[in-house]
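User: Could you walk me through reading a protein model, one feature at a time? I'm new to this.

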Amino acid sequence: MFAPGARHRSHVPPSATPFVLGLVAVLGTILLWAALAAVPASDERSYPALARVDASAFRAVAYSVPRDGFDAVMVRATGGGVPRQVAAFPYAFNLHAHGAASPLGDRLALLHIGSPSLAGARLSVVALPSGDTLDVEGVFDFQSPAVWAPTGNRLALTARADDGTQAVIREVHALTGAAAEVARFDGALEAVPVGYSLDGTRLFVVVVDQSGSSLWVQHDGQVEKLVTYSPGLTRDWSLSPDGARLAFVDRLGVGGRTYAGRVLVIAAGTVSDLPAVGDQLGASWRPGSDLPDFGGPGGNLQLTGGDAGATYVFPLRWSPDGSQLAAAVYAASREGVGEPSETIEIVSSSRREALAPEPGARFLGWVRDVE
C-alpha cells in the first residue's frame, strides 16, 4: 500500500535511522531542471478572491520530536531560532504524531495514537501561538494526510467504516471540531484526500483500487469520478496550489526504473511525464511554478557540494515565499551496505540546517512567527 508524504509510507527505505546534521555540514543549493512548456490547466471557472496571505510572515517552522513517551510539538524561527514547545501527545507502538499546518499558519492538525487499545488515530487541532488544543471526536486512519481548505477553516482526512470494508472521507471544522462524512468508497485499497479547489468548494480524492488509480471530486454533496489516470499503483500525490494539476509518482512494472514522476492536468484529464534516468520520489509545488519538483535519485531537486552525489532529497513542502524547502535528505552509507540514513533539513539557495538537533524529528509545516 502507498500513501502520500515522505514520513508516512512514502520513502523507499522501509526504515530509516535519523541522524543529526552537523553544524559544519557543507552548504548546498537546490538546482531545478529547465521547466517544460506549461500545459493549459484552466477549467474556465471563475473563483471568488480569497484573502491574501503575506508569505513573508511565515518565518517559523513547526515540527515534532519524541521525548520520554511523548511527541513534543515545537515551533521555532528558521535560521536558528530557539524552539518553543506548544503541545505534547503520548505515542504507542513507536507510531509518532504527524500532521500539517494550516494555510494561514495559525493552526496545526495532529494525528496521534496515545493508547495501545485505540483502533485508529485521534485528531487534535492546536492553535498558535497559544497552544490551545481542540480534540476531535472519532478515530481516523493513522496514515491519512491532513488536507486543509485554502481558508484554513476546515480540513479533510481518511477514516474507515465500522466494518472496515469501506474508506470514508471526513471533513472537520477546525474551530468547532464538528466532523461529517463527505464521501465513501467501496473496495478501495486507499482513498486519500489530496486537496481543495482554489475556492474551497471542491475536495479532490485519490482512490487506488483493483482497477488502478483515479481522481474523484466531492462537491455540492455529490461524489464524482473525474479520471482514471494510471492503471497501477501511485503515491506521493501533491495538488498544485490552484487545484488545477496533480503531481504523483507512478510505480512502474518493468524496466530499469521503479518510480516515475508525472503530472495530471485535471480539467483535460491528460498525464505528462517529467523525463528522468533514475527514480523520482516525492513531489512538491514551488509557489508560482506551473511544474512540480520531484526528488529521488532521478529528480530535478539535487543537492550540490560535498558528497552530494551520494545523497538524494525527498521534498516535503516549499515555504510560502518559495525561498526555502523542507526535505528529507537520504545519504548512502559509507560502505554502501544497509539503509540510507535520513535527516530532515531546511534547505535554501545558501544554506542547509537540520530541522532539529534531536533524532526522529517530523516536519509539520510552515507557520507564522510566534516568538
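User: What should I know before I start?

Analyst: This is a predicted model, where local features need pLDDT of at least 70, side-chain atom pairs count only at pLDDT 80 or more, and totals for chains, interfaces and linings use all residues. Residues are numbered from 1 along each chain as its sequence is written, and side-chain values use heavy atoms, with hydrogens and water left out.

User: What is the mean pLDDT of the protein chain?

Analyst: First the idea: pLDDT is the predictor's confidence in each residue, from 0 to 100. Here the chain has a mean of 83, and 80% of its residues reach 70 or more. Over residues 1–50, though, the pLDDT is below 50.

User: How do I read strands? Which strands does S7 pair with?

Analyst: Strands of a sheet pair through backbone hydrogen bonds, either parallel or antiparallel. Strands are DSSP runs of E, at least two residues long, numbered from the N terminus, and two of them pair if DSSP finds at least two bridges between them. In this model, S7 pairs with strand S6 (residues 107–112) over 6 bridges, in the antiparallel sense. S7 also pairs with strand S8 (residues 133–140), again antiparallel, over 5 bridges.

User: Is S7 mostly covered or exposed?

Analyst: Buried means under 20% relative accessible area, exposed means over 50%, and partly exposed is in between (1.4 Å probe, protein chains only). S7 spans residues 121–127 and is mostly covered, with 6 of its 7 residues buried.

User: What happens between S7 and S8?

Analyst: They form a hairpin with 5 residues between the strands, and glycine 131 there takes a positive phi near 85°.

User: Which residues have a positive phi although they are not glycines?

Analyst: Aspartate 68 is one, at about 50°, and phenylalanine 93 is another, at about 55°. Aspartate 68 is in the loop between strand S2 (60–67) and strand S3 (70–77), and it counts as exposed at 79% relative accessibility. Phenylalanine 93 is in the loop between S4 and strand S5 (98–101); this residue is exposed as well, with a relative accessible area of 59%.

User: In what order do the strands of the open sheet come?

Analyst: The 4 strands run S24-S25-S26-S27, with antiparallel pairing. Strand S24 (311–318) and strand S27 (352–354) are the edges, each pairing on one side only. Inside the sheet, 7 bridges join strand S25 (residues 325–331) to strand S26 (residues 341–347), and alanine 328 stands opposite isoleucine 344 in S26.

User: What about the nonpolar core? Which members touch the most others?

Analyst: A nonpolar core is a set of buried Ala, Val, Leu, Ile, Met, Phe, Trp, Tyr and Cys residues joined through side-chain atoms within 4.5 Å. The largest one here has 29 residues, and Tyr63, Val65, Leu355 and Phe363 touch the most other members. Apart from that core lies another, of 18 residues, among them Ala92, Ala100, Val136 and Ala146.

User: How many salt bridges does the structure hold?

Analyst: A salt bridge is a side-chain nitrogen of Lys or Arg within 4 Å of a carboxyl oxygen of Asp or Glu. The structure holds 10 of them. In one, glutamate 171 meets arginine 154, with the closest N and O atoms 3.1 Å apart. Glutamate 171 lies in strand S11 (residues 166–173) and arginine 154 in strand S10 (residues 154–160), so the pair ties together parts that are 17 residues apart in sequence. Both residues of this pair are buried. In another, arginine 262 and aspartate 273 have their closest N and O atoms 2.5 Å apart. Aspartate 273 is partly exposed, with a relative accessible area of 42%. Salt bridges that share partners also join Arg76, Arg351 and Glu353 into one network.

Note on methods:
Contact means heavy atoms within 4.5 Å.
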